[in-house]
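Subject: Structure handover and notes

Dear colleague,

I am passing on the structure we spoke about, and my notes follow below it. Please read them with the model open beside you.

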Amino acid sequence: MGNPPDVELPFGPPPPHLKSKRQIRFWQRQQEESQAKRQKKIDQDPFRYVERCFKARAIPPSAMAKVVHTTQLLDDSHCSDVIVPVTLAIDLRQHCSALFGPPDTQWTPRARKAYLIKTIPGLIIIPNPFTESAQRHMIKHCLTDFAEPPNVSSLDGHYERPAKGVWDLYERHCQGQLTSDDPDYYTVPVKSNQAPVPTMYQDDTHNHTHKTSDAAAKRLSPTDLLRKQRWITLGYQYNWQTKEYDLEHGLPMPDLLDQLSKTIVSAVQGVGLADGWRNDYPGDQFKAEAGVINYYQLRDALMAHVDKSEVNMEAPLVSASFGHACIYLIGRTTKETEPIPLCLSSGDVIVMTGQSRKAYHGVPRILEQTLPSFLDSQHWPLYGGYMDQARINLNVRQVFNK
Ligand SMILES: O=C(O)CCC(=O)C(=O)O
Ligand SMILES: [Fe+2]
């Protein structure tokens with residue numbers, strides 16, 4: 001039987017066993033009440049409320065006014081009583097110019113500067129310490145060798161990844177070496193009866209906004225395949241069934257990331273508030289054991305979550321951002337506290353130490369038109385073509401206590 005034409009259906013069609021108008025109206029009232037309850041819960045949860053503000057097509061000016069822009073921190077006049085400048089233990093560029101690039105005259109006055117937020121104990125912000133060419137170097141690795149098999153990709157289990165990785169295919173396509181009539185051009189979905197590879201990020205949080213459902217899976221061109229890749233996991237892999245990192249599934253961490261994270265953890269050793277917390281994790285004890293590269297397209301978001309699977313929750317988590325800027329929300333250990341919105345720009349590094357290691361955080365928004373020109377397609381052929389619509393986040397964790 002069809003639905004009575006005078007009944008509106010904002011919740012989709014009522015279940016077919018409801019036949020009379022009275023039953024359908026009763027069902028509708030129930031739906032309205034439960035939606036109102038859900039909405040009330042969202043509005044009362046300060047983290048979700050702020051998250052929704054930044055997801056709105058037009059971000060409310062009242063939300064935008066609260067954003068802490070890392071690019072303004074270096075100008076001391078922008079430091080409010082909530083932001084506290086601190087001094088790093090080492091000068092990253094002096095100490096490791098192979099990674100961050102050589103120091104220059106612009107660098108000298110800001111070398112060793114980092115910032116804390118009084119209301120978020122443990123969080124350390126290092127405004128972009130990389131030179132332009134050092135940023136390009138990191139991005140290149142994130143798109144090429146770091147993303148190659150056997151490192152696990154969000155595409156695995158859904159698509160047959162080319163043996164040499166997705167970038168190689170994309171590059172051949174861009175250089176005209178691969179056209180749509182070539183048998184390698186399209187990547188086909190794997191058979192739907194094959195279980196996806198269990199990984200750390202096979203959860204809703206890290207699926208970003210686009211999900212690959214088997215029903216919707218279709219063959220993809222090199223460009224579509226690359227843009228569909230949401231993450232790569234490095235080092236120890238998380239076993240989704242046992243909900244633990246799997247000692248049996250440890251891939252070698254790239255040396256570059258080992259060096260990068262150790263240097264940064266050494267730099268933040270001893271950093272803290274004069275009359276409050278202090279990060280005492282020794283840099284020489286840090287081991288880069290697992291990592292995630294997140295690839296965001298302009299409309300992607302990462303839901304609020306806590307990274308709590310690591311056995312060692314005392315070790316800092318190092319996170320670097322490249323490409324488009326984003327709104328990064330950082331709260332406390334529950335979603336009851338209003339988060340601080342940070343605008344992270346290309347090259348920025350944040351280190352989650354101490355209490356902030358257990359804090360809710362998320363990325364509700366990638367900000368359009370914020371890509372630095374040296375990373376765009378006009379100034380950086382091939383890689384810039386990808387970065388024109390992307391943000392990359394690279395984070396490194398120690399998993400075990402050793
Ligand atoms: O993209 C970011 O900045 C955050 C990524 C993140 O929180 C994660 O991978 O756990
Ligand atoms: Fe996270």
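I begin with the cysteines: in C326 the sulfur lies 7.0 Å from the closest cysteine sulfur, that of C343, which is too far for a bond, since a disulfide is taken here as a pair of cysteine sulfur atoms within 2.5 Å. C326 is also buried, with a relative accessible area of 0%, where buried means under 20% relative accessible area, exposed means over 50% and partly exposed lies in between, computed with a 1.4 Å probe on protein chains only. For C142 the closest cysteine sulfur is that of C326, at 15 Å, again too far for a bond, and C142 is likewise buried with a relative accessible area of 0%. The disulfide count by this rule is 0.

Please keep in mind that this is a predicted model, in which local features need pLDDT of at least 70 and side-chain atom pairs count only at pLDDT 80 or more, while totals for chains, interfaces and linings use all residues. Residues are numbered from 1 along each chain as its sequence is written, chains are lettered from A and ligands numbered from 1 in the order in which they are written, and side-chain values use heavy atoms, with hydrogens and water left out.

As to confidence, the model scores ipTM 0.99 and pTM 0.86, and the protein chain averages a pLDDT (the predictor's confidence in each residue, from 0 to 100) of 89, with 89% of the residues scoring at least 70. Over residues 1-8, however, the pLDDT is below 50, and this stretch has 11 contacts in the model beyond near neighbours in sequence, a contact being heavy atoms within 4.5 Å. Residues 198-204 also stay under 50, with 27 contacts beyond four places in sequence. Where pLDDT is low, the predicted coordinates should not be read in detail.

The iron ion (ligand 2) is coordinated by H305 (NE2), D307 (OD) and H361 (NE2), at 2.1 to 2.2 Å; donors are N, O and S atoms within 2.8 Å of the metal (3.2 Å for Na, K and Ca), and as water is not among the atoms, sites may look incomplete. Along the chain these donors follow the spacing H-x1-D-x53-H. H305 in strand β9 (residues 302-305) and H361 in strand β14 (residues 361-366) are 56 residues apart, and the pair links distant parts of the chain; helices (H or I, at least four residues) and strands (E, at least two) are DSSP runs numbered from the N terminus. Both H305 and H361 are buried.

The whole structure contains 8 aromatic pairs, where rings of Phe, Tyr and Trp (its six-membered ring) pair if their centres lie within 6.5 Å, and planes under 30 degrees apart count as stacked, over 60 as edge-to-face and the rest as tilted. One of them, W167 with Y383, is stacked at 4.8 Å centre to centre with 10 degrees between the planes. W167 lies in helix α8 (residues 166-174) and Y383 in helix α11 (residues 383-387), so this pair ties together parts that are 216 residues apart in sequence. The rings of W380 and Y383, with centres 5.2 Å apart and planes at 25 degrees, are stacked as well. W167, Y170, W380 and Y383 form one aromatic cluster.

Finally, L394 in strand β15 (residues 390-397) is buried, with a relative accessible area of 2%, and its contacts beyond four places in sequence include C142 and F322.

Best regards
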